[in-house]
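Subject: Structure handover

Hello,

Here is the structure I promised you. Please open it and keep it in view while you read.

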Amino acid sequence: DLNLAWSQRVAAAISPLVLLGVVAAPSAWALGLPGVALAALLPAVVSATLHRELLAGFARTCGAPTALLVFLFHQVHLLYSAATLAFVTIRHTLGRRSSAPNTPL
């Protein structure tokens with residue numbers, strides 16, 4: 001089931017938005033744009049909802065600050081995994097095309 005459930009695919013797809021939002025939200029808030037700050041955090045809310053069991057387990061055993069750090073590190077992991085999958089898929093597809101025999105048009 002690891003990384004095959006649709007919820008995990010969605011989490012991987014939105015991980016760049018989560019990380020961007022976590023960085024952008026404080027800046028937007030400081031600039032007096034609370035609506036933008038909240039909108040920037042929306043992907044993080046979606047991802048946290050998808051990972052609520054994992055986060056709850058870390059919060060119970062290690063505390064909320066550790067659970068927050070685990071959440072952020074997990075986003076980096078999801079981003080790296082998704083980028084690697086995309087790279088390998090593109091490389092495999094291009095490699096297959098370049099090794100195909102030349103056929104006349």
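Below is what was found in it, starting with the overall layout.

First, some ground rules. This is a predicted model, so local features need pLDDT of at least 70 and side-chain atom pairs count only at pLDDT 80 or more, while totals for chains, interfaces and linings use all residues. Residues are numbered from 1 along each chain as its sequence is written, and side-chain values use heavy atoms, with hydrogens and water left out.

Overall layout

The protein has four helices and zero strands. Helices (H or I, at least four residues) and strands (E, at least two) are DSSP runs, numbered from the N terminus. Along the sequence the pattern reads α-α-α-α. The protein has 105 residues, and 23% of them count as buried. Buried means under 20% relative accessible area, exposed means over 50%, and partly exposed lies in between (1.4 Å probe, protein chains only). Now the contacts, meaning heavy atoms within 4.5 Å. Of those with a separation of 6 or more, 63% join residues 24 or more positions apart.

Helix H1

H1 covers residues 6-30, which is 25 residues. From first C-alpha to last it reaches 36 Å, close to the 36 Å expected at 1.5 Å a residue. The expected span is 1.5 Å times one less than the number of residues. H1 also bends by about 45° at Ile14, and Pro16 follows within four residues. The bend is the angle between axes fitted to the seven residues ending at a position and the seven starting there.

Several H1 residues are buried, including Gln8, Ala11, Ile14 and Val18. Ser27, also in H1, counts as partly exposed because its relative accessibility is 42%. Its C-alpha atom is 7.7 Å from that of Ala37, ten residues apart along the chain. Just after H1, Gly32 takes a positive phi of about 80°.

One more pairing: the charged end of Arg9 sits over the ring of Trp6, 4.8 Å from its centre. To count, NZ of Lys or CZ of Arg must be within 6 Å of the ring centre and within 35 degrees of the ring normal.

Helix H2

H2 spans residues 34-50. Its 17 residues should span 24 Å, and its end C-alpha atoms are 24 Å apart, so the two agree. There is a kink of about 35° at Leu42, shortly before Pro43. The buried residues of H2 are Ala37, Ala40, Pro43, Ala44 and Ser47.

The core

Which residues make up the largest nonpolar core? They are Ile14, Val18, Ala44, Leu55 and Phe71, five in all. Such a core is a set of buried Ala, Val, Leu, Ile, Met, Phe, Trp, Tyr and Cys residues joined through side-chain atoms within 4.5 Å. In soluble globular proteins, nonpolar side chains tend to be buried together. Leaving out residues up to four places away in sequence, Phe71 touches Val18, Ala44, Ser47, Ala48 and Leu55.

Helix H4

His74 is in H4, residues 64-98. Why is His74 buried? Its relative accessible area is 18%. Beyond residues up to four places away in sequence, His74 touches His51 and Leu54.

The C-alpha atoms of Leu79 and Ala11 are 9.2 Å apart, although 68 residues separate them along the chain.

Best wishes
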